[in-house]
Amino acid sequence: MANPETSVAIQVLSSRDELISGELKRKIKIVQNRRGYTLENILCSKDVKDLQILVFSIVGKTRGGKSLLLNLMIKYLESQSETEDWLSGIISHEHGFTWKAGLDSVTRGIWIWPKIYRRKTNNGTEVGILLVDNEGMFDGEATDGEIIALCGISTAMSYIQMFNVKDKITTDYLETVERNLVKGIENMDSDQSAKLRDDYNLMFVVRDWVYEEDHSFGLEGGKTYIERDSERVSKQYRYI
């Protein structure tokens with residue numbers, strides 16, 4: 001695990017404007033951390049280097065609360081209890097992924113939380129959980145190609161990729177998944193793409209769910225909503 005004193009996320013990929021051949025372009029680069037913890041330090045530390053690592057990443061709209069949601073996950077994973085007490089207290093701005101209110105985007109590129117949490121699966125296998133945050137979509141600055149590239153990298157390394165949405169799952173969100181996530185998989189070579197299709201898990205995380213009376217919270221409620229909604233829409237919508 002990472003140094004217990006570490007309280008901030010680590011950037012592993014940057015996305016920023018650079019002057020290239022006299023033209024300003026957005027460039028994605030690997031971040032070389034000269035001080036503090038690196039991805040190698042975290043993954044190759046003695047207590048986790050032989051563990052299977054499950055990456056939980058989150059994507060979605062800019063300013064949609066992705067980083068805050070990951071901080072809730074950190075709070076849960078660091079709780080020693082299975083009760084709801086982990087929800088009490090506050091979420092500090094000084095611990096976890098950086099987040100704040102406002103119009104401007106906060107997360108650029110891809111960031112990881114420098115701690116791997118050991119957990120046991122239902123079949124008793126011990127695994128490590130690594131949390132990953134991604135630059136938001138629809139900020140008006142990044143091109144489709146840049147979004148597809150970042151999402152593709154995140155998708156390729158994720159065990160579960162959470163798509164953060166608000167209120168309900170709409171056609172716009174499904175089209176975004178097809179355009180940015182599915183296209184990122186298709187752009188890989190055939191062997192990578194085939195393996196990823198077998199292993200990849202996408203989960204919609206819907207905030208402020210508006211159909212609580214008809215469809216309960218959780219996976220079962222979401223499944224019945226998707227099935228019910230697909231019955232009443234066009235063939236094109238069902239295809240997506």
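Analyst: The protein has 7 helices and 8 strands. Helices (H or I, at least four residues) and strands (E, at least two) are DSSP runs, numbered from the N terminus. This is a predicted model, in which local features need pLDDT of at least 70, side-chain atom pairs count only at pLDDT 80 or more, and totals for chains, interfaces and linings use all residues. Residues are numbered from 1 along each chain as its sequence is written, and side-chain values use heavy atoms, with hydrogens and water left out.

Start with confidence. pLDDT is the predictor's confidence in each residue, from 0 to 100. Its mean for the protein is 78, and 77% of the residues reach 70 or more. Among the elements, strand E6 (residues 126-134) has the highest mean pLDDT, 93. Helix H5 (residues 190-199) has the lowest, 59. Over residues 1-5, pLDDT stays under 50.

Next, the overall packing. Of the 240 residues, 38% count as buried. Buried means under 20% relative accessible area, exposed over 50%, and partly exposed in between (1.4 Å probe, protein chains only). A contact means heavy atoms within 4.5 Å. Among contacts between residues at least 6 apart in sequence, 67% join residues at least 24 apart.

Now the helix itself. Helix H2 covers residues 66-77, 12 residues in total. From its first C-alpha to its last it reaches 17 Å, close to the 16 Å expected at 1.5 Å a residue. That expected span is 1.5 Å times one less than the number of residues. The buried residues of H2 are Lys 66, Ser 67, Leu 69, Leu 70, Asn 71, Met 73, Ile 74 and Leu 77. What covers them includes strand E3 (52-60), strand E5 (117-120), E6, strand E7 (160-166) and E8.

Leaving out residues up to four places away in sequence, Leu 131 touches Phe 56, Leu 70, Met 73, Ile 74, Leu 77, Phe 97, Trp 111, Ile 112 and Trp 113.

Finally, a look at the aromatic rings. The structure holds 6 aromatic pairs. Rings of Phe, Tyr and Trp (its six-membered ring) pair if their centres lie within 6.5 Å; planes under 30 degrees apart count as stacked, over 60 as edge-to-face and the rest as tilted. Trp 209 and Tyr 225 form an edge-to-face pair, 5.1 Å centre to centre, with 90 degrees between the planes. Trp 209 sits in the loop between strand E8 (201-207) and helix H6 (219-232), while Tyr 225 is in helix H6, 16 residues apart. Trp 209 counts as buried because its relative accessibility is 13%. Tyr 225 is buried too, with a relative accessible area of 7%. Ring pairs link Trp 209, Tyr 211 and Tyr 225 into a cluster.
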